[in-house]
Amino acid sequence: MKDFKYYAPTEVAFGRDSEERIGELALKYGAHKVLVHYGGSSAVRSGLIDKVYGQLQKAGLAYVSLGGVVPNPRVSKVREGIELCRREGVDFILAVGGGSVIDSAKAISVGVPYDGDVWDFYTRKAYASVCLPLATVLTIPAAGSEMSDGSVITNEDGNLKKDYCTDIFRCKFAVMNPERTFTLPPFQTACGVVDMMMHTMERYFSHDDDMVLTDAVAESILRTVMDCAFKVLRDPQDYVARAQLMWAGSIAHNDLTGCGTTGDWGTHMIEHELSGMFDVAHGAGLAAVWGSWARNVYMLLPSRFARFAVNVMGVTNDFTSVEKTALAGIEAAERFFHAIGMPVSIPELIGRPATEEEILKMADTCTGGDSHSVGVFKPLWSADIAAIYRAANG
Ligand code: NZQ
Ligand code: ZN
């Protein structure tokens, strides 16, 4: 069991009436002038943006707004936000949306007080020590950015998708009303389900397999999420199931499922290249490559995959062969992804196989030209990653 730090400083306001607390919470965390940052149209259409403005007005807070964040949020929008905040003297950012909006808000928050270009943080040229405080009104359970230390941004110049992690830009508060997620289309719902499962599984597939409590929490999250996925796909307005998913998205990525273990994150790195190159939804990209990653690595500790098969996927233990049980669990996970409408191969993801040139380019970028490996369960180099893309390409 590894020593660990657990740091989850975000105040969560959860439930049907949680939006009534937006103004009070913004004041509590020191806001005077707020940037309301949001995405394409869903938050405007649902009336949420007007509700947020109303709450800020009631609290006597000034605000400006910047919408138009797209999935796989772009650095150009971040730069626009930084300029706006500086011009308007904004001192607090409220992200109304999902992972893309929150990640864009996080990037703006560290970019405002920084003299150089914000992309420097994502290329490790600079490390932030100060930022504007930020918070979120969450509309899609998926990325877990509302409680995580991460931000993932795409630079259109080269289609590079990179992350930056720091405790300083964790959200001060997160307002979560499960009713807001009733309008999520089935595809986005399923992408979110895969992403929160993968945040749990990236931490679960570890050689540190003696953290009994962490494993139990992880397995419970995975079973609950799978069960609720079917419920909300059948009935999008099932409040109880939507609420389980919303909370699962947060605790799957606030490090609770990683206490005492070493996370892998290989599948995430492999996926980020896919969404950087093809602009696909992150959750769908994860589903498309996870099985190929798992088959590439499982022989290093088949018992771990067999445990997943039995405890999470409900596979019957084949006591004669741990490897067979492990493989049956991987297949069951792929069947689940299919059952909720997710792809399990690259052609299913992008509508055609990736070319060999694209595969080599993604594998090369993923490892910085083979200068570092990716993942911990099995450290993967360019050749391994290319093999995983090829296996997912069939
Ligand atoms: O733009 P609008 O119109 O709002 O539509 C959004 C968007 O098209 C829509 N949507 C959101 N809430 C809705 C809704 N539609 C109807 N009703 C609602 N209530 O959903 C679409 C996807 O939104 P997005 O924010 O992109 O989704 P998600 O939360 O999955 O975020 C994905 C991004 O997060 C990054 C991913 O790489 C990706 O860029 N990640 C961030 C992490 C982090 N910061 O810790 C960790 C993750 O592993 C992930 O990498
Ligand atoms: Zn993710």
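The legends below describe close-up views of a predicted model.

**View 1. Surroundings of ligand 1.** The shell around ligand 1 holds 32 residues, of which Gly-40, Ser-42, Gly-99, Ser-100 and Ser-148 come nearest. By residue class the shell divides into 8 nonpolar, 20 polar and 4 charged residues.

**View 2. Polar contacts of ligand 1.** A polar backbone atom of Gly-40 is 2.7 Å from an oxygen atom of the ligand. Another contact involves Thr-139, where an N or O atom of the side chain is 2.9 Å from a nitrogen atom of ligand 1. At His-272, a polar side-chain atom lies 3.2 Å from an oxygen atom of the ligand. Ligand 1 taken alone exposes 970 Å², and the protein buries 88% of that area. Two or more residues of the shell come from each of α5 (99-111), β6 (150-155), α7 (186-204) and α10 (266-278).

**View 3. The zinc ion, ligand 2.** Asp-195 (OD), His-199 (NE2), His-268 (NE2) and His-282 (NE2) coordinate the zinc ion at 2.0 to 2.2 Å. Along the chain these donors follow the spacing D-x3-H-x68-H-x13-H.

**View 4. The salt bridge between Arg-304 and Asp-215.** The closest N and O atoms of this pair are 2.7 Å apart. Because Arg-304 lies in helix α12 (residues 302-311) and Asp-215 in helix α8 (residues 212-234), the bridge ties together parts that are 89 residues apart in sequence. Both Arg-304 and Asp-215 are buried.

**View 5. The salt bridge between Glu-20 and Lys-51.** The side chains meet with an N to O distance of 3.0 Å. Glu-20 is in the loop between β1 (11-14) and α1 (22-28), while Lys-51 is in helix α3 (residues 48-58), so the pair, 31 residues apart, links distant parts of the chain. Glu-20 is partly exposed, with a relative accessible area of 40%, and Lys-51 is partly exposed at 28%.

View 6. Asp-227 and Lys-231 form a salt bridge of 3.1 Å, N to O. Both residues lie in helix α8, 4 residues apart, or about one turn of the helix. Asp-227 is partly exposed at 40% relative accessible area, and Lys-231 is partly exposed at 32%. Elsewhere, salt bridges link Glu-11, Arg-21, Glu-24 and Lys-28 in a network. The model has 24 salt bridges.

Conventions: Residues numbered from 1 in each chain as written. Chains lettered and ligands numbered in written order. Predicted model: local features only at pLDDT ≥ 70, side-chain atom pairs only at ≥ 80, totals over all residues. Heavy atoms only, no water. Near = heavy atom within 4 Å. Polar contact = N/O pair within 3.5 Å; in protein donor to acceptor, adjacent residues only side chain to side chain. Areas by Shrake-Rupley, 256 points an atom, 1.4 Å probe, with all protein chains shown as cover. Nonpolar A, V, L, I, M, F, W, Y, C, P; charged D, E, K, R; others polar. Donors = N, O, S within 2.8 Å, 3.2 Å for Na, K, Ca; no water. Salt bridge = Lys/Arg side-chain N within 4 Å of Asp/Glu carboxyl O. Buried < 20%, exposed > 50% of the residue type's maximum accessible area, 1.4 Å probe, protein only.
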